[in-house]
Amino acid sequence: MNFQLSRASRMMAAGIGLSLCWFVLEACDCEETKEERFPGYWVACIGNKPALMTYVGDSATIVSSDPAGNFNPSQWDCSNPNSPNYKGSQAPSYSSSTPSGPGGYARVHRNASATGSSPSAYLPQQLRALPFLPQIPPLATPPPCDSSYPDVLRPIHTQAIVTRVSTCPFAVKTSIPVQTRPLQIAITPDGSLALVTSFDNAVNFIDLSMNKVVYTLNTGDSINPNGLAISPDGTTAYVSNFTAPGQSYIVINIANRTVTNTIPTIVQYPQGLTLTPDGSQLWITTPLYFGVDVFDTLTNTRITSLNISYTTDVAFNSLGTRAYITSQSTTPGTVVVVDTGTFQILNTYTVGNTPTDISMSYGDQFLVVNNSVDGTISVIDLLQNQVKTAKVGANPSGIAWVH
Amino acid sequence: MVYSGFLFSLIRAARIVFFCLPIGSAFAQPLIFSRSVYNAASYTPAGIPGGGVAQGSIFSVFGANLGPTTGVSVTAFPLGTALGGTTISIVQGNTTVAAIPVYASATQINAIMPSNAPLGMASIQVSYNSRKSNFAPVRIVNSSFGIFSALGTGLGPGIIQNFISATNQPINSTSAVAQNGQAATLWGTGLGPIQGADNVAPPVGNLPNVKVEVFVGGVSAPILYSGRAPCCSGSDQVVFTVPANAPTGCWVPVYVRTNGVNVSNFVTMAIGPSTSTCTTDVLPSVTSSFINGTTIGEALTMRASTYHDVGVRAPVTAIADYHVSFAFEPPVVPFPFNPAVAFPPSGSCTFYTHQGDMLNGDILPGAAPKTIPLDMGIPFLLTGPNGSKTLTASFTGAASGYLGGQVSNNLLPSTLFLDPGSYTVQGFGGLNVGAFTTNYTIPTLLTWNNRPNVIDRTQPLTLTWTGGDSGQVIAIVGFGEDLPTASSAVFACIAPAGALSFTIPPDILTNLPATRPNPLQSKDIFYLLTLSGSSLQKINATGLDVGLTSFYSMQGKTVVLQ
């Protein structure tokens, strides 16, 4: 666990904005490597050619070989793109067309219905961005733990469970069994419900007051749930169908627990789904293909596709006017800044190798990026226009803010 | 019947500069930018309660490749559903209606939302030369009025004609001033739908089924007419009498309320006994300089104290001292307006909205100076009870800086500088402004007696205070920001001289966006801003027609808007 205390302040014509006391919880279990815990690989047909794949962070990634060196492309038949077929008699124990690997993290939301009559209910330890505030140095030591710190939910892909972890102190509180091969998780705005995608054709509904699955939505064999986003009003969930061809995202009515729509995507193997803060647009990334799809959620129609390759995650500023997209198309990787109004690329930051997750701090000053392959975390200071990349070891995966 | 090119050139003027992009070929796919559908007069952001588009109103769409490179306007009735190759569809479920374009260009479309358009959330799609754009969301409402503004920004001087005679109706300005009791005609769009077609000359007469009220300086004005302008589909006229008891000033706020609840954008009009000049009761010398283009310089100091109790683990107070110095020679323009200096009259309130985050540097249109600052020489020296400080410019773009601060809970020990006492500010002279020495006093600050916590926006809110010094001017300034929709609103009310309380009317509060369930997605802060009377002293320096020192205190508190 790594705490980073950050500070944001800025002077504009209107005054100074300040962010204080943000803790970046880097969600990395540094005592084990992912290869030791998550040995999963699979074969997929990409462009009618067999590819060996594994999960790096939340991102499915093509690799040249497995640790044992057993993968041989010539032994695989991709005449049926959706069903790679092993041709050899000595088939290794790959699971065909199914990924494995750790999933993302999601923070359990606080009680979001609090009002100003109960200030203590506003739990984020954060001075809000306001004008005319002085610059404040970081605290020498973080505040002590108390019961108001949030929990973090973590899907364990290979164990078919979701763990609920307290963040201060850092400890597993409970484990919740879910459908096999869980991948990503999201929590409704009121903090009552968590949805978990399982690659094995299911979306799990977890009641967070009981810490148990209360419903499992079977999506059918053609849908392999992966990415997940919940609308700001908590009524709708969007789940990406990690496959190609037939790539799509499904729309789920959370209250009715039903699939209401299936929308084809341009990008193949859609993985990451991120909604703009107002929920009006759904941005879809893919680590295996070209482009980022942007959909209008009112009509579920595509607005545009961005020419950014091998993308894994998107973060928005609080206003939703800027998108920050992690791209693995180069080594090291990049974060591409896009104007969400015009969809023009504004800037590119170089980060570590294989960026997989990105998250924005409150106050819009810091972006945190996990770089899975080289075991680093990059922090982009948007005010100073600087990037600092630090080694944390292992393969950091998932980001949750504790504030 | 011909459309008024005047109106449509006005409504084009403001935003094109913000959205101007290199335009691709005529065959490129049209693109509607995000959050780029507005009432064509108010430009109120969608996240503000008044941010819907009314049936039968003119709305603006911004994007790329939406129409011909050179804009085209309609010229005669009947209007069509296509203009220059551009069509606009309004879609809601299985319902599709065609909007009526009145102006089309590559970057902007102005069109009439059909009176039979479906209410609620709908989607707009533009086609240009048979290529279709993305869908963009729009909230269609029955009535949401916007008043056209002379600067084309949705704020500042309104398109309001002083009625002198049938053939003499000049547009109100600081040099064409209305008198109390005079009739005036206000232009806008969004009163509501009409019966019948929108593409022909509109019906003349008061628009039925919509209650229209006009407020001038907060005073209800008698209505003489409220309905479509005979010339122009989608355009409304409201003829009213400037109330006898409306306050006078150069920028008296004017707004329209429909059906008792829907509040328009606020524009201003000049009211006074003279037909050609106006004065304000707050800092009249500053106003005069701003209007007449004389040189002005100010050396301001400020203490801002903000109590944070929303979205934090524990309440905390942050205090900071600042200085700002500037000198300008404002240009003489037909419609002078800067929201930073265009004060409403005492006893009244004004209201602005903006797309963006005003508390994080997104400033209102017209707030940034348009002229090169006058050179005042090396930084000023300020001497007071806590010693001397050089007023260096710490931040780019303004001679402003931080003098000290304090944050409670031992987060930041006090380095405050602007404590009460006697001060001397000294300028050493530059190319344009000569040397000077001015003494002034920072008084003991007033006490805000009833800092609000949870505010019911439908009810009037009375704030009270005690103390301060004689001649102080109290302003209540409140911000309401909805971050996910990048929508900001700010109001400013000026308390009458000597008042110890002020009641903010519901029309101001209801147009602020409600605080989100997750309070970190909102920024809602009310400030009590005091311009101390004893700090106002003249700076006598060569090169300045008007020179002032002044000290402002801002006492703020985070609030929850329900």
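In chain A, four strands line up as β13-β14-β15-β16 in an open sheet with antiparallel pairing; strands here are DSSP runs of E of at least two residues, numbered from the N terminus, and two of them pair if DSSP finds at least two bridges between them. The edges belong to β13 (182-187) and β16 (212-218) of chain A, each with a single partner strand, so one side of each has no neighbour in the sheet. On average, neighbouring strands of this sheet are turned by 25 degrees against each other, direction ignored, with axes taken as lines fitted to C-alpha atoms and angles running from 0 to 180 degrees between N-to-C directions. Strand β15 (residues 202-207) of chain A pairs with β16(A) in the antiparallel sense over six bridges, and A:N204 sits opposite A:T216 in β16(A).

A word on the model itself: it is predicted, with local features needing pLDDT of at least 70 and side-chain atom pairs counting only at pLDDT 80 or more, while totals for chains, interfaces and linings use all residues. Residues are numbered from 1 along each chain as its sequence is written, and chains are lettered from A and ligands numbered from 1 in the order in which they are written.

Chain A has another open sheet of four strands, ordered β17-β18-β19-β20 and antiparallel. Here β17 (225-230) and β20 (258-264) of chain A are the edge strands, pairing on one side only. Strand β19 (residues 248-253) of chain A joins β20(A) in the antiparallel sense over six bridges, with A:I252 opposite A:V259 in β20(A).

A:A160 has a positive phi of about 55 degrees although it is not a glycine, and its place is the loop between β10 (151-156) and β11 (161-167) of chain A. A:A160 counts as partly exposed because it has 18 C-beta neighbours inside 10 Å; the cut-offs are 20 or more other C-beta atoms within 10 Å for buried, 12 or fewer for exposed, and in between for partly exposed, with C-beta atoms placed from the backbone. The peptide bond from A:T331 to A:P332 is cis, with omega near 0 degrees, and A:P332 is found in the loop between β26 (322-327) and β27 (334-339) of chain A.

Leaving aside neighbours within four places in sequence, B:I124 is in contact with residues including B:I32, B:F135 and B:V138.

Finally, B:A327 is found in strand β22 (residues 316-328) of chain B. B:A327 is buried, with 24 other C-beta atoms within 10 Å. The C-alpha atoms of B:A327 and B:N432 are separated by 9.0 Å, although these residues are 105 residues apart along the chain.

Note on methods:
Contact = placed C-beta atoms within 7 Å.
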